[in-house]
Amino acid sequence: MERALKRPDLRVCMISLGCAKNLADSEAMIGQALAAAPGASVCSEPAEADIVIVNTCGFLRAARDEADETIATMEALRAQDPAKRIIVVGCYPQLWRDQVLRRHPGVDTVLGVDALYQTEFWSNLLTDATPRDHPVPVTNRIMRDFEAPRLLGGSAFAYLKIGDGCSQRCAYCTIPLIKGPLVSRSMDVVLREADDLACAGVKEIILVAQNTSAYGMDMAPRGKPKLAELLRELDDVAGIEILRVLYLYPTLVSNQILETIAASRHVAHYIDMPLQHTEPAVLRAMGRPWAAGLAKRLVARIRRIMPDAGIRSTFMVGFPGETEQCFRELLDELEELQLDHAGAFAYSREPMTPSYDFAQHVPWSMKHRRLREFMERQQQISLSVNRNRYLGKTISIIVDDVDSSRLAGRTFLDAPDVDNTVWAPVGKTKRPATGDICRVLVTACGPYDLDGVLV
Ligand code: SF4
């Protein structure tokens with residue numbers, strides 16, 4: 001027999017830390033909770049919430065520090081309001097559960113990365129004083145076929161997870177330990193979720209997974225990647241103006257994927273592939289043993305098949321054994337690649353990864369000097385690419401936000417939060433809405449921002 005509601009007007013606050021994949025999970029967890037409790041509502045202020053959920057990242061030490069700080073803040077709020085409940089889920093407790101429990105005695109419930117799939121827990125969360133919090137085992141079948149309502153944040157874009165986990169074994173990375181090997185979501189489920197997003201008014205869908213180019217490889221023994229097939233199907237979803245793919249593993253960026261993107265109606269000519277490094281010895285040590293020159297050949301191939309492609313990558317500096325010579329070679333190659341955008345991290349020495357025990361760790365101050373130098377070099381490159389590509393030209397943008405005086409948007413070659421933002425003044429008569437596609441004449445460029453006027 002169902003227990004009576006504690007209170008029909010409970011307020012719940014979701015704090016989603018970390019990456020876009022976490023955000024998609026957060027929307028599905030809170031979506032499940034609210035679907036079962038029609039009187040409950042979401043609030044953005046944890047101080048006002050009856051229940052606070054913190055979906056954590058645990059990939060790097062810095063992310064765990066951020067999670068600790070956030071949870072401690074919630075515990076302090078609870079000291080003022082003892083009825084408040086705190087739930088911590090995700091990557092951090094998946095691998096560091098004992099640490100979370102020891103450091104945060106004020107937390108009520110701790111669940112790992114399987115939290116998303118605990119349907120009974122979420123559907124009881126707001127309707128039952130004591131929801132079951134013993135996670136049920138989650139099989140690959142459950143993950144593959146999982147569907148849940150999502151509570152979206154009202155943006156023009158939404159992330160759509162096509163898989164989880166990773167079957168690569170990069171020497172510095174805790175993701176395979178946290179998430180396990182790749183499990184792709186079934187194509188039908190992904191297509192249904194894309195339809196739902198379109199019906200909810202989303203104009204841009206951004207496909208995410210730890211390794212999107214491996215999509216489908218786990219679906220059959222020695223299975224072939226099916227990303228190109230998935231993109232062709234998604235291209236027909238009514239109402240979606242832009243499809244974008246993030247996190248392509250470089251050696252799996254096939255001609256088939258590139259040709260599919262080039263021939264599609266809606267898939268942005270945008271390639272995001274974390275290269276991490278270009279120097280062969282460093283790549284080998286990283287467990288990414290590619291042939292020398294792969295990055296240059298790959299970028300040339302992308303530009304041959306899609307001459308207008310916007311290319312983004314991510315790099316890591318200060319990996320153990322990276323000499324000054326290796327770093328200089330990386331900077332030289334960055335100059336040659338002329339990528340639209342590149343981000344970089346300083347190597348983080350993560351317990352439980354193979355590289356933790358490697359010799360020749362690079363001192364902290366050297367790593368951070370290299371990081372600064374890398375980013376300064378890439379800023380110059382991005383500025384020059386932006387000027388050549390956009391200055392004085394009229395381009396299409398998607399509007400992300402509008403206030404009383406100006407809009408913020410993006411070109412089709414820019415992903416949210418990490419690439420260019422386009423700014424343009426708006427008036428009372430010429431005032432587009434979020435999600436509109438507009439034409440803008442670009443009048444000024446920086447490395448991360450374009451200024452323009454609506455035409
Ligand atoms: S491909 Fe990415 S997620 Fe997978 S192990 Fe390497 S760095 Fe980690």
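# Notebook: cavities, a pocket and a sheet

**Entry 1. The second largest cavity.** I began with the lining of the second largest cavity, which is made up of Asn22, Asp25, Met29, Asn55, Gly90, Gly112, Val113, Ala115, Leu116 and Lys179. I noted that the model is a predicted one. The volume of the second largest cavity is about 50 Å³. I then asked which element gives the most to the lining of this cavity. The answer is α1, with 3 residues. By residue class, the lining of the second largest cavity holds 4 nonpolar, 4 polar and 2 charged residues.

**Entry 2. The largest cavity.** I recorded 3 cavities of 30 Å³ or more. The largest cavity has about 170 Å³ of space. I counted 16 residues in the lining of the largest cavity, and those nearest its centre are Asp25, Leu116, Phe146, Lys161 and Arg185. Two elements, α1 and β7 (163–164), each give two or more residues to this lining. The most comes from α1, with 3 residues. I sorted the lining of the largest cavity into 8 nonpolar, 1 polar and 7 charged residues.

Entry 3. I turned from the cavities to a pocket. The second largest pocket holds about 430 Å³ of space. Its lining has 24 residues, and Ser16, Leu23, Glu27, Leu151 and Gly153 are the closest to the centre of the pocket. Elements β1 (11–16), α1 (20–35) and β6 (157–161) give two or more residues to this lining. I asked which element supplies the largest share of the lining of the second largest pocket. It is α1, with 5 residues. The lining of the second largest pocket divides into 15 nonpolar residues, 8 polar ones and 1 charged one.

I checked the domains for this pocket as well. Residues of domain 1 (11–139) and of domain 2 (141–390) both line the second largest pocket, so the pocket lies between the two domains.

**Entry 4. A sheet of strands.** I reminded myself that strands of a sheet pair through backbone hydrogen bonds, either parallel or antiparallel. I then looked up an open sheet of 3 strands, which has the order β11-β12-β13 and parallel pairing. Its edge strands are β11 (270–272) and β13 (341–346), and each of these pairs on one side only. On average, neighbouring strands of this sheet are turned by 15 degrees against each other, direction ignored. How many bridges join β12 to β13? Strand β12 (residues 310–317) is joined to β13 by 6 bridges, and the two run parallel. One position I noted is valine 317, which stands opposite alanine 346 in β13.

**Entry 5. The whole chain.** Lastly, I looked up the protein chain as a whole. Its secondary structure comes to 13 helices and 18 strands. The radius of gyration of the protein chain is 23 Å, close to the 23 Å that the globule rule gives for 455 residues, so the chain is as compact as a globular protein of that length. Taken along the principal axes, the C-alpha atoms of the chain fill a box of roughly 65 × 65 × 45 Å.

Notes
Residues numbered from 1 in each chain as written. Predicted model: local features only at pLDDT ≥ 70, side-chain atom pairs only at ≥ 80, totals over all residues. Heavy atoms only, no water. 1 Å grid on protein atoms, 1.4 Å probe; cavity = no way out; pocket = protein on both sides within 12 Å on 5 of 7 lines; lining within 4 Å. Points joined across faces, edges and corners; volume = space filled by probe spheres on them. Helix = DSSP H or I, 4+ residues; strand = E, 2+ residues; numbered from the N terminus. Nonpolar A, V, L, I, M, F, W, Y, C, P; charged D, E, K, R; others polar. Domains from an automatic or database assignment. Pairing = 2+ DSSP bridges. Axes fitted to C-alpha atoms, helices over the stretch in contact; angles between N-to-C directions. Rg over C-alpha atoms; globule rule 2.2 N^0.38 Å.
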